[in-house]
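Please read these notes beside the model.

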Amino acid sequence: MPSEQPPKKAAGGRAEAGERASLTLKAAAFGGLLFLHLPLLFIILYAFTTEDRSFAFPPPGLTLKWFSTAWFDRPDIWPAFGLSLRVAAVSTLIALVLGTLASAAVWRHRFFGRETLSLLVILPIALPGIITGIALRSAYALADIPFSFWTIVIGHATFCIVVVYNNALARFRRSAPSLIEASMDLGADGFQTFRHVVLPNVATALLAGGMLAFALSFDEVIVTTFTAGQQTTLPIWMLGELVRPRQRPVTNVVAVFVMAVTFVPILAAYYLTRDTHDFSGGGK
Amino acid sequence: MSAAARAPSLPADTALRRLSTLLYRKSWLFLTLLLVPPVLWLGIVYLGSLIALLAQSIFAIDDFTGMVVYKPTFATYAQLFTPANLGIILRTVTMAAVVTVICAGLAFPIAYYAARYARGRAKAAFYILVMLPLWSSYLVRVYAWKLLLAREGVVTWLAGELHLGWLLDAVLALPVVGGPSLSTAYLGTAIVFTYVWLPYMILPVQAALERVPRSLIEASADLGGRPSRTFRSVILPLAFPGIVAGSIFTFSLTLGDYIIPGIVGSSRPFIGQVVLQQQGTAGNIPLAAAFAVVPIVIMGIYLTIAKRLGAFDAL
């Protein structure tokens, strides 16, 4: 992946000497990226190995067998997948509503406790997940709430709010309040302004935040361990296979599948917010 | 629709419009409506549970019945200071600190290159390549390292191919960090932690570096500063809040994680594992709660210092 030539700078020749990265820096940067991605490639390779007892490398042979095994012979995978999907969908929905409301409040108003609210939104991911998990679990126990679909959703929605909040607030801060005033001046009421001015303006940011929240929830295991009881989400299933493996290559197949499922929303989220990144960079 | 909206006549006085006007005039009412749902949720569900948890740490468990005795006591907190438990806390904090330092070291060149040299599509590609592992499955990434670090796995094979088996053996023979194989040594735990949290460090550092004005770098050069001097006196201090911001995540996530040390590493427990075990199999909720207070207190102090250092603006 060659880097493009730096664009011509108004500053002229003086900066150019410093514009080229040294070989050491390049090597360190690309080495770092390689470190981030090589392990994921190995997972994909291992999904095709014929060796099912150990992690022997290189694989003695390659096969597609495990894909069909995962698809046909393992009825335990699909209910877990379904539960993860439903939990992620509902949690994302709740996070979208709460995150948008919180970000709108913080954007438009200065009020007592504004900083506290920002902290409160960030806290569920700033503190280790295990704290959120055990706190919720002991609260459920104290309140005599039995484990259910909703006990998982409550935990997930709580730490998903922050991604929606961050995305929405970033977009709100870049949109001009004058647009809203103009809309009001032209005779629109608050709801019309919201529908025709505010919502289209923040829609892609909300979609991006929602997708990230979905990926976050779909993948979450630590909080879920405490709030799921006997229910199995896909990450819980996978953790079980890691601790007590039954068919190792099947775990690899599911891992590849999970990667595929989470990559799509992330790429989509990136493309949805890309223009605003360029915009904010251009402004500075 | 648009023709009607643009008509110069006054809009009809519907109930909706009256509500809208009311909300506009009484902005406190509007603000309250915005705030009530998120504050109720976070305040009751999250803070409520958190407070309930912390409250339980002041109780203790009866050794004979195994039931929680609801009488305030410091006995549970005192248990944290037994040598075994202090060892667990120290081990976890050390690991978090080491992982944070390694993450900062690895993240800086990536962030620096992406912020200063990558342009256009290369920059976009960099961003995506950092984001993808961050958001891709945490368990999958831990699992990948289980494959790589296992005794018969890729790292051992690679060391053999490069005739560096002796080096690997020498590293594994080191007293504290070594062990029977990489997947059962602290070194392995540190590698996996570093790998999994690295993007959390790259992104804020890159954001901080992006904000270093080019004119400052040019000014430093004009005043005779060599690149290394410019780096030390201009770029690094300005990037520091970004590093602190990233360290909030690397440090906090390591403090609470129980999965990575459970899957890769020696069998000596970390805080997260003890919390899980105390509240699960041992059924000692007060002690689990007291242990959970440790990361909260550490992160409380950490966040206070980070705020002073300006890290919150770099988030």
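This is a predicted model: local features need pLDDT of at least 70, side-chain atom pairs count only at pLDDT 80 or more; totals for chains, interfaces and linings use all residues.

1. Residues are numbered from 1 along each chain as its sequence is written, chains are lettered from A and ligands numbered from 1 in the order in which they are written, and side-chain values use heavy atoms, with hydrogens and water left out.

2. Contact (heavy atoms within 4.5 Å) involves 100 residues of chain A and 92 residues of chain B. The two chains bury about 8800 Å² between them, with 79% of it on carbon and sulfur atoms. Buried area here is the accessible area (1.4 Å probe) that two parts lose on being put together, summed over both. Of the area that chain A buries against chain B, A:Phe35, A:Leu36 and A:Phe55 supply 8%, more than any other three residues.

3. Between chain A and chain B there are 2 salt bridges, each a side-chain nitrogen of Lys or Arg within 4 Å of a carboxyl oxygen of Asp or Glu. B:Lys307 and A:Glu115 meet through their side chains in a salt bridge, at 3.4 Å from N to O.

4. On the side of chain A that touches chain B, helix 1 (residues 23-46) of chain A gives the most, with 15 residues. Helices (H or I, at least four residues) and strands (E, at least two) are DSSP runs, numbered from the N terminus.

5. UniProt, in an unreviewed entry, lists residues 81-273 of chain A as "domain: ABC transmembrane type-1". That span is 84% helix and 0% strand, and its end C-alpha atoms lie 28 Å apart.

6. B:Arg17 sits in helix 2 (residues 15-25) of chain B. B:Arg17 counts as buried because its relative accessibility is 16%, where buried means under 20% relative accessible area, exposed over 50% and partly exposed in between (1.4 Å probe, protein chains only). The side chains of B:Arg17 and A:Gln192 are joined by a polar contact of 3.3 Å.

7. A:Asp144, in the loop between helix 5 (129-142) and helix 6 (149-174) of chain A, has a positive phi near 60°. A:Asp144 is exposed, at 68% relative accessibility.

8. B:His163 has a positive phi near 55° and is exposed at 63% relative accessible area.

Note on methods: UniProt positions are given in the numbering used here, feature names are shortened, and annotations may be inferred rather than shown by experiment. A polar contact is a pair of N or O atoms within 3.5 Å; within protein, one must be able to donate a hydrogen and the other to accept it, and residues adjacent in sequence count only if both atoms are side-chain atoms.
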